[in-house]
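Please work through the exercises below with the model beside you, and try each task before reading its solution.

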Amino acid sequence: MEMVPIEETQLVPKEAPLDQASEMSLVLSGFEAGKKNFLQLTDKDGEQPQIASDESGTADSSGLDDSSQDRFIGPLPRDGTVGCSSDYSSPSYSYSSILNKSDTGYVGLVNQAMTCYLNSLLQTLFMTPEFRNALYKWEFEDSEEDPVNSIPYQLQRLFVLLQTSKKRAIETTDVTRSFGWDSSEAWQQHDVQELCRVMFDALEQKWKQTEQADLINQLYQGKLKDYVRCLECGYESWRIDTYLDIPLVIRPFGASQAFGSVEEALQAFIQPETLDGPNQYFCERCKKKCDARKGLRFLHFPYLLTLQLKRFDFDYTTMHRIKLNDRMTFPEELDMSPFIDVEDEKSPQTESCTDSGAENEGSCHSDQMSNDFSTDDALDEGICLDNTSSTERVLKPKSSLTFELFSVMVHSGSAAGGHYYACIKSFSDSQWYSFNDQHVSKITQDDIRKTYGGSSGSRGYYSSAFASSTNAYMLMYRLKDPSRNAKFLEVGDFPEHIKRLMQREKESEEQEKRQREIERNTCKIKLFGMHPVKMMMVENKLEVHKDKTLREATEMAYKLMDLEGVVPLDCCRLVKYDEFHEYLERSYEGEEDMPMGLLLGGVKSSYMFDLLLEIRRPDQVFQPYKPGEVMVKVHVVDLKSESIAAPVSVRAYLNQTITEFKQLIAQATGLCAETMRVILERCYNDLRLLSVPNKTLKAEGFFRSNKVFVESSDSTDHQAVFTDSVLWKLLDRHGNTIRLFVSLPEQSPGSLANRTSCPKASADSEDSLDGAKGSRKSVEAILEESTEKLKNLSLQQQQQQSSSTSDSQKSSEHSDFEHIESPAQEPDAASQPSQTENCTRAASDTENQFPSEERSDSDVNNDRSTSSVDSDILSSSHSSDTLCNADSGPLPLANGLDSHSITSSRRSKAHEGKKEKWDTTEEDSGTDSEYDENGKIKADSQYLYFKAEPYSQEDGSGEGQKCLLVHVDKRITLAAFKQNLEPFVGVPSTQFKVFRVYANNQEFESVRLNETLSSFSDDNKITIRLGRALKKGEYRVKVYQLLVNDPEPCKFLLDTVFAKGMTVRQSKEELLPQLKDQCKLDLSIDRFRLRKKTWKNPGTVFLDYHVYEEDINISSNWEVFLEVLEEPERMKSMSQLAVLTRRWCPAQMKLEAFREVVLESSSVEELKEKLSELSGIPLENLEFAKGRGTFPCDISLLEIHQDLDWNPKVSTLNVWPLYICDDGAVIFYR
């Protein structure tokens, strides 16, 4: 490591390496007194800084001893854990502490989230020579299985890494993935003993038909006898069970005193109980009930003995799960000979043997394997795995039964949660180690004794539930037998397939290390750039090595932005940029050869600034950007064309005056400074005229990045008060105008090609045509051509109208669309609107083929009936976005007008004759009426900007979706917005719906017609769907199918309309044809029901006589479940209760399908009777529990026993802890 002093005042730091062996003083070494001096630590010869060992003073390349806390760089261990740290919150570990192997020589395991219980078990298995060696001998066959899903293979990989990796800790994600867990499982803490059994079961399944098929049984399985002996005649009934672990009670039920040692608990485990009084046993020999003795006897201990200390219990007085922290000692060597039943090695002929596969109701947890053991089964003490022969060893009664402790799994915490770690003794050197996730450290016998536990008595009502302590939870012993105790396989003795695996993992680790080194020296910073072709700001992430120069980084950014062949490289440069304020902070002139690490201030996880790739034209010159300048985006306003130009960037200083600032703008834009008006937009809709010449920019409120509008002309507008001026109105319109993408509805294929856009609002009087002085002939020629075309089209449309309507009804979005005749046309030309009124209506040309209302013969035969073409001619010029001027004659346009302006929300007089109105009021249906009392438009008086132009959006089929690009003032009401869209949709605004599309493509209908579009923003998407508007008292309803036994129980079917006052049966009758047409569901009215939907939870069953609004609350965009019934409806009254039940079969480890149970009352007794009748389980043996969470109340099969509140002590369902008051509750039973 080298230290380099850096002088603060230098622009480019001057570096001078310090000689660490030098006797020179700091001042002579280049440090300056009275000033800040900086030291830069750099790599020496490419090596990272290391921690010097206390003994030698040299770098300790082997890593870090966790036990030497004074030399640990990073978070210090907390107290309360044995020789390790549990503080993982700080990211500031040194490289050696994270990457290098602990000097214990052992590798830790990374905690994925809450996988400490898994890590402690995996380390114990790894430190078991017999298990590890047997696992290495098994060879994975690629052709048979995917390695990702193979538990033995992933364990094998993990063990190889634990033995050979140079890392401090390795990940267990591949192992958990092989279990079939997703990432959420890592956040659930499981029980170590439970996990052990699940893993062993999985290994046994995978190892069938292999040499390791019986490995688990050979190592971990023992046998015990469950017996009952008659005290009168001596007859004994018994069965033999197998076990993988022995559960030891810490404190007997009802006792205040705990067992003091493991030996006491073992003695209590085999202590028989007397069955007398009402508990007498019926003796087969005596043929009567007799006093008897019931108990357990050990017949055989496994080679690896597992003792589970039952520290977790349930307190029935407080109704809380508790942890027992009582002290329980355990010996380093355990003699099990006092607990073996030698007399039972040969069983007398008078005994009765039952199937060992039967479920054991005693305290011992049988693994319930379906093996039958005969009375003369040899007492197998395990297979010596180093011996290739499979000869079973018979344990003689006099053989040693001394077991040696080698693993203590510790739980630190309370019953509510905590942390697991393992203390394991290495059989190589008899040294104890603490394996605490990624930390491995040496510990002593004193540390082991600290895990005995021990706490003061009860300290309060909830003390046991939340009392926290660190104590042993699971113990593992190995039989002491020098002839059979195995040693670990050394690397040189590995089988060939393990050597190949080790080589692959080593190469992968080296590659990862190289990649990590590159990552450590790579600057990652956001890169922005305005793409000259796409004309949009593009964002990327620039990853550049710290030693790359600015010139090289610019070339990388150039390629990253796909600018090759678009602009020359020398027309690009990187500048410092603040994306949030859109501010160019500074440029880097003359620093093209400076390393990026120095330029950006080092390699950091994140930067407070960004980079912008700036592009110039070949004839331009880059401006230098200096720190301290402010950036101003100048928009030039042209009052004549009412346009606002794209911004021009100008840089200024905050101490400049307004007069100086105007001169600056004049140079950049070429405008006259004398007549210039400058308006600052400080925030949205806050426009400020900068009129005081000597005021500074800072005083006017300029910041790092600013936006101004400038106008310079000789018009009289500048004499008006600013808020009354044309400029202010134009800027106000500009500030409130948003851009929307509107998708128009698809039409049925038969009619789409033959339709033309023919708005009824178009003028067709002679007077309007007289205004077209210079273009009279072209207008008449076009009219004659289009009239002939329209005659033919109208005849075709009449023929296709019926097919078109039926086609549209087939799609879900057209299902509620009713064909409405065209609004009545007044034949008298005088009744038609003048051109000024009519400029509010326009349509696209024939080529764009936007859908329109159907035309009738009377429309075509009308003298001077307008087509889509002449409506374009009679509308305002598409280059103007303002109100039409009746004095200016229309321009001769080609038959391809691509945009037009609709700038008023007035309804034309052609529609005034149509008196039809929907009296939809907000309190009734959540919508507002589009009309006032006289049938006129409410928004009649207000002028608001609206401009629409068609554009095509390509879909996957190569055909463009018909869309509009709409610029609209967001202060417009939804009603006026819909009326402006009428010419493009082709039907009145009452006959289509507006849906707002959100980021996740979810659509929500906008229904409040007198609300404005103020909640919309630029580039929002809108979908138009055909369908009538809601009438008074009607509500839009989404219908979902409830499929209780499907993986996805909630399936969307269709949208429909329900009305206030309608009965449930009437709504079902209306649904039947819609379900048949749209969902292919052919149902009878008595074989489905509707029910309440709350998120994904099924609720109240709606009965046929229920009335919406009276019995059932209904609202806008309501959602309801439809459930198909296998039998006629059993729910007849509101006093009944429908619950969904699911049987849990512990023996098969599976849940059966949901079945509905209808109760006449809320009685628990009735529920249990119905469940007993349904399942055949005797009433006295039946237990039930309420499901938790959202339907279908999924729960892990491993946790269903302890996580649910089985058999709550209540008599009715509507009280705590059940609270079942509504239909749809989930009940598990067993």
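**Exercise 1. Find which residues of helix α24 are buried, and state what covers them.**

Solution. Begin with burial, where buried means under 20% relative accessible area, exposed over 50% and partly exposed in between, with a 1.4 Å probe and protein chains only. In α24, the buried residues are Val1064, Ser1067, Lys1068, Leu1071, Gln1074, Leu1075 and Gln1078. An α-helix has 3.6 residues a turn, so residues three or four places apart point the same way. Next look at the cover, which includes the strands β40 (1034–1042), β41 (1050–1059), β42 (1088–1094), β43 (1097–1102) and β44 (1118–1124). Helices (H or I, at least four residues) and strands (E, at least two) are DSSP runs, numbered from the N terminus.

This is a predicted model, in which local features need pLDDT of at least 70 and side-chain atom pairs count only at pLDDT 80 or more, while totals for chains, interfaces and linings use all residues. Residues are numbered from 1 along each chain as its sequence is written, and side-chain values use heavy atoms, with hydrogens and water left out.

**Exercise 2. Locate the kink in α24, and say what follows the helix.**

Solution. Helix α24 (residues 1064–1079) has a kink of about 30 degrees at Leu1071, shortly before the proline Pro1073; the bend at a residue is the angle between axes fitted to the seven residues ending there and the seven starting there. After α24 comes Lys1080, whose phi is positive, near 60 degrees.

**Exercise 3. Describe how α4 and α11 cross, and name the residues that make the contact.**

Solution. First take the axes, which are lines fitted to C-alpha atoms, for helices over the stretch in contact, with angles from 0 to 180 degrees between N-to-C directions. Those of helix α4 (residues 151–164) and helix α11 (residues 496–520) come within 10 Å and cross at roughly 65 degrees. That makes α4 roughly perpendicular to α11, a term for angles of 65 to 115 degrees. Then list the contact, meaning heavy atoms within 4.5 Å: α4 contributes Tyr153, Gln156, Arg157, Val160, Leu161 and Thr164, and α11 contributes His497, Ile498, Leu501, Met502, Arg504, Glu505 and Glu509.

**Exercise 4. Which residues do the two cis peptide bonds join?**

Solution. Another joins Trp1216 and Pro1217, with omega about 5 degrees, and Pro1217 lies in the loop between α26 and β49 (1226–1229).

Terms used. Angles under 35 degrees count as roughly parallel, over 145 as roughly antiparallel, 65 to 115 as roughly perpendicular and the rest as oblique.
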